[in-house]
Amino acid sequence: MVIESDVLIIGSGITAAMVAEKLAEERHARLVVVEAGGPAAPLEERAGRRARYVAYGENPWPDDHVDGLAVEGMLSRTMQVGGQAMRWGGVTPRFSPEDFRLRSLYGVGDDWPIAYDDLDPFYQEAEERIGVAGVQGPAELDPRSKPYPLPALPLTYNLEQLRRWGESADIPLWSQPSAKASQPYRGRPACCRNDTCAPVCPIGAKYSPDFTWHALTEAGDVELVTRTFVRRLVLERGSTRVSHAVAVSLDSPDEELEFHARVIVLAGGYLWTPHLLLLSAEPRFPDGLANTSGLVGRYVGGHRSVHAYVELPQKLYPGMNLQHGLLSKRFMRPGPLDRYVRHDLRVWESTYGREPRLRGDDGRVLLGDELLEDWRRRTETGVARLRSYYDVLPARESAITLDDARTTPWGDPLPRIAFRDADESRALRAHTEECIRGVFEHMARAGGGRVLMTRADDLQDHPSGGCRMGEDPTASVCDAWGRTHDHENLFIAGAPVCVSAGCTDATLTFCALALRTAAEVGKEFPAREA
Amino acid sequence: MAGLTRRLFLKTLAPAVPVAALPASVWAPASAREALAQEPLEAELLGALAEAVLPLGELGAQGVAAAAREFRAWAAGYRPVAELDHGYGAAELRYSGPDPVPGWSAQLRALELESRQRHGRGFVELGIAERQALVRRQIEAEAVGGLPAPADARHVAVGLLAFFYASPAATDLCYGARIGRLSCRPLSDSRARPAELERRT
C-alpha cells in the first residue's frame, strides 16, 4: 500500500504538532502524519480516567505504549498520538541567550549555529500556539520581544510567601511559565487547579497535542495514520533525496506500507529519530542516512538536577495548586566565573516530612485522634521544595546506537542509550552540585529555616541531541533549519537538533526549533493567503 | 520516606484519594470483581474498626461512618492487574497488585474472633480503647512509619487509615482550612490564605 503526500511527518508528539499546524495554516501542501501508537483517549473521557488515576494510581492513558519497544534507560514508554506531551507538566521556560554560546562565553561545550534572537520569534509563536501563561522576569535575566499571550497563573498564597522568601535571599522568583490557560484560550477552559496536570488535565486547560490533531484532522488538513511504525527511509535512485518511508502496521504486521512524499520531517524525538536514520543504512550511506559526519545518534544528553527540601518558620497550606511553582533564571546568566556553573532554580510548596504517620516520636503506634494531632503538630511550619537543573555537556560517545542483541517485533535492532559526560562536564559535576547546595543553604538561612535534605539525581531530564545542528557538515547532522546536510528533502524537527540541552525544561525550545524547521520546509510550497 | 526526584514527586500524587471529588461511577464494581463474586468488606465490623482508628473526636460518629462507607466503596472498585501510571521517568510498565479485599475481610473476621477469645464479646461491642489495643497488636509489624498507598496496605486497618489520610478532606481537617486539594477551584481564589475550616461542634 502506498500513501502519497507533499510532506510526511514521522511522529505525532508536540513538535510534530507544531510543524503540521504551521504548514497547514501557511502553505498549500498535503500533509500526512504517521504515528506508531494509537489515538489518545478523547477529552470527554479524561475526567473519569483521571478519577481512577487519583483513586488507584491507574494509567490515565491506558495502552499508550507499543509492545516490544522497551529500551533500557528510556524516559518513557509513552507512544500514542500526542506523544509524551499528553502527560507533560506544561512547564515552558525558554533557554537563556547564554545557552547558544557556551563555547564563546565560557569555553565549554559548543556554540549553536543560531543565537537566542534567531529563536525568539519562534519561541513567541510556540507560546501563542500552545497558549503559555507567564510573566516576564527581570528583563536582563528573561529577555523577550513580546509579552506572553496569557497572563501568568496567579501565585497562590503559598507561592507568594515563597516568592518573598526568595526576595529575602536576593533571588528573584516569578510564576513559572506554563502552557496552562489562565483564562479561556482557543477553545480551552481556564485552569481550575485540579493538581494533576501531569499526567492528565481533566478539563483540557493544559495544552496537549491532541487538540491540534483533532482540529487539523477535523478540518481535513492532515491525514493521521496511527498504529504504524516506520522501519526505514529509502533514497531515490541516483539521488540523495529521500523517496519514501517503509512502515509496518501494528494491526496487519504482514503488510508493508510505503509513505511517499516530497519532503520528510522526522519528529520522533531524541531516541527514535536517530534510530530510524541508523536503521536506514544502505550502500551509499553504510552508517545510516544523514550520517556522513558520523554524528547521527551522538552528543545525546539532558540536564541533571539537585533537589532540596527546606523547612521554613511559617505555616503553608500545601495543595493550593500543587504543580504550579516559581522560577528563577538568576543562575542561568552568571557573571564572570572561576569555574563554569549554570543552573535554573524552581520552588514549590511541599509536604515533605509533613505526611501523616503511624508512629509517634516515642515509637508508639498512633491511632484515632492521636494520629491526626501528631500530623497537625508537624504542619505548623512549612516546607519548600527546591530543584535546580544544571548543564551537562555530552561527550561524542553519549549516544543512541543500534543494539545488536535486542530487536523490535519486526526484527530490527532496538536503539541503545548510553549517556556519557564530556570530560569537562565530568570534572565539573561535584563542584556544580556543591554550588547548588550552597544556594539552597543560603536560601534556608535567609528565611530562618533549615535544609531538611538534598539529593543529586542522576537522571538526564529532557534529553536532546543525536542529530545536532551546525554549519559544518563534517561536525553536524543538519543545518540551522533542521535540513540534513546529506539529503535536501529530509528535515529533523525538535529535540534531536539541539547542540546542548540547556539547564531548564526544554519542551518549549523543542517547539520553537520545530517551528523554525517548519518555516524552512514551508518555502517548498505555495503560501496560503493570510 | 519519599525521595526527591521529579518522578517520585509526581508519583506521590497517585495514591491521593479525593473522596468527595469523585463521581459515584468510579466506585462501580469492576467486571473482574463481578466475575469473582467477591464479598465486600463486612460493613458493621469495618464501621467498628473505623471508630477505633480514625479521629472519632474530630470527625464525629457520622463522619467516621461516612469515611468507612467510602473506603468500602473504594475497595469494591479496585481492579487487580490494571495498568498503573508509567509516568515521565518510568520506562517500565507496572500493574496493580492482587485484590486486597479477601485478605482484609479475613483480618476483620480475625479481629472479631480475637475479640471473642480475649474479651468474650464481639469487636463491635468493645470500647474504643479495647478495639485499639487489638488493632495495635495486629499492625505492630506493619506500622513502620508513613502510610502506604491504600491498596498496598497489608492490614485492613492500615488500608483504611491510608485511604482516609490521603483524602483532601483529611488534609483540610489537619490544616484547619478549606484547601480543597485535587478539586476544581477558581484560580483567583488561590491568592488568599485558605478559609478557615469550621470545626465540628
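**View 1. Helix 4 (residues 116-130) and helix 10 (residues 507-522) of chain A pack at an angle of about 110°, their axes 8 Å apart.** The model is predicted: local features need pLDDT of at least 70, side-chain atom pairs count only at pLDDT 80 or more, and totals for chains, interfaces and linings use all residues. Residues are numbered from 1 along each chain as its sequence is written, and chains are lettered from A and ligands numbered from 1 in the order in which they are written. Helices are DSSP runs (H or I, at least four residues), numbered from the N terminus. Axes are lines fitted to C-alpha atoms over the stretch in contact, and angles run from 0 to 180 degrees between N-to-C directions. The two helices of chain A are therefore roughly perpendicular (65 to 115 degrees). Helix 4 of chain A brings, among them, Leu119(A) and Phe122(A); helix 10 of chain A brings residues including Leu508(A) and Cys511(A). In contact means C-beta atoms, placed from the backbone, within 7 Å.

**View 2. The largest nonpolar core has 175 residues.** Such a core joins buried Ala, Val, Leu, Ile, Met, Phe, Trp, Tyr and Cys residues through C-beta atoms within 7 Å; buried means 20 or more other C-beta atoms within 10 Å. Val19(A) and Leu49(B) are among those with the most contacts inside it. Beyond four places in sequence, Val19(A) touches residues including Ile9(A) and Val265(A). Apart from this core lies another, of 29 residues, including Tyr352(A).

**View 3. Chain A meets chain B through 56 residues of chain A and 65 residues of chain B.** Helix 2 of chain A gives the largest share of chain A's side, seven residues.

Definitions and conventions
Contact = placed C-beta atoms within 7 Å. Buried ≥ 20, exposed ≤ 12 C-beta atoms within 10 Å, placed from the backbone. Parallel < 35°, antiparallel > 145°, perpendicular 65-115°, else oblique.
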